[in-house]
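Try each task before you read its solution.

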Amino acid sequence: MIASKQQANINHEAIHVPSRRNPFRSNEEEKVFFTDLHEVIAQDITPVDFGLTPEEWGSEVYPAVEAILVGRRAAKYVEISLAEPIWYLRARLWCQSLLTLSFHSY
């Protein structure tokens with residue numbers, strides 16, 4: 001009964017869940033990645049084109065909220081809190097990791 005009621009809210013095929021295996025082929029590759037990531041963090045590098053810099057915000061401050069479309073017809077906006085002390089630091093670390101990973105061919 002619950003599944004049939006929820007079916008109306010499902011608009012896409014299930015998303016493939018990545019395996020839990022280590023993406024690096026060797027311990028050496030993993031070591032190199034983390035060494036490079038620590039260097040990016042130590043140099044305080046903020047990647048561009050990820051929405052992390054003031055030039056990308058459209059104002060001088062990190063946005064406090066972001067509106068996303070929700071619903072079956074994506075007709076309603078819901079504001080999501082982007083509390084800077086929590087989300088900016090996490091987003092920055094994630095993007096630093098992604099940037100570092102993009103320089104390697106794993």
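Asp44 counts as exposed because its relative accessibility is 52%, where exposed means over 50% relative accessible area, buried under 20%, and partly exposed in between (1.4 Å probe, protein chains only). This is a predicted model, in which local features need pLDDT of at least 70 and side-chain atom pairs count only at pLDDT 80 or more, while totals for chains, interfaces and linings use all residues. Residues are numbered from 1 along each chain as its sequence is written, and side-chain values use heavy atoms, with hydrogens and water left out.

**Exercise 1. The salt bridges**

Find out how many salt bridges there are, and describe the partners in each.

*Solution.* 

Step 1. Apply the rule: a side-chain nitrogen of Lys or Arg must lie within 4 Å of a carboxyl oxygen of Asp or Glu. The count comes to two salt bridges.

Step 2. Take Asp44 and Arg92, whose side chains meet in a salt bridge at 2.7 Å, N to O. This pair links distant parts of the chain, with Asp44 in the loop between H2 and H3 and Arg92 in helix H4, 48 residues apart. Helices here are DSSP runs (H or I, at least four residues), strands are runs of E (at least two), and both are numbered from the N terminus. Arg92 is buried, since its relative accessible area is 14%.

Step 3. Turn to Arg25 and Glu29, whose closest N and O atoms are 3.0 Å apart. Arg25 is exposed because its relative accessibility is 63%, whereas Glu29, at 16%, is buried.

**Exercise 2. Backbone angles in a loop**

*Solution.* 

Step 1. Recall the background: most residues other than glycine have a negative phi.

Step 2. Look at Asp44 again: its phi is positive, about 60°, and its place is in the loop between H2 and H3.

Step 3. Move along to Asp49, which is found in the loop between H2 and H3 and has a positive phi of about 70°. With a relative accessibility of 69%, Asp49 counts as exposed.

**Exercise 3. Helix H4 from end to end**

Check the span of H4, then work out what its buried residues pack against.

*Solution.* 

Step 1. Helix H4 covers residues 84–102. The expected span is 1.5 Å times one less than the number of residues, so the 19 residues of H4 should span 27 Å, and the 26 Å between its end C-alpha atoms agrees.

Step 2. List the buried residues of H4: they are Tyr88, Arg92, Cys95, Gln96, Ser97 and Thr100. These buried residues pack against helix H2 (27–42) and helix H3 (54–57).

Step 3. Zoom in on Ser97, which is buried at a relative accessible area of 19%. Leaving aside residues up to four places away in sequence, Ser97 touches Phe33 and Leu37, where contact means heavy atoms within 4.5 Å.

Step 4. Compare Leu89, which also lies in H4 but is exposed, at 54%. The C-alpha atoms of Leu89 and Leu52 are 9.7 Å apart, and the two are 37 residues apart in sequence.

**Exercise 4. A nonpolar surface patch**

Name the residues that form the nonpolar patch on the surface, and give their accessible area together.

*Solution.* 

Step 1. Areas come from the Shrake-Rupley method with a 1.4 Å probe, and for residues only the protein chains shown count as cover.

Step 2. Phe50, Trp94 and Leu98 form the patch, with about 340 Å² of accessible area together. Leu98 is in helix H4 and, at 41% relative accessibility, is partly exposed.

**Exercise 5. The strand pair**

How do strands E1 and E2 run, and how many bridges join them?

*Solution.* 

Step 1. Two strands pair if DSSP finds at least two bridges between them. Strand E1 (residues 65–70) and strand E2 (residues 76–81) run antiparallel and are joined by six bridges.

Step 2. Finish with cover: E2 is hardly covered, as the count of buried residues among its six residues is zero.

Methods:
Patches are made of residues with over 30% relative accessible area and no salt bridge: like charges are joined within 9 Å, nonpolar side chains (Val, Leu, Ile, Met, Phe, Trp, Tyr) within 5 Å.
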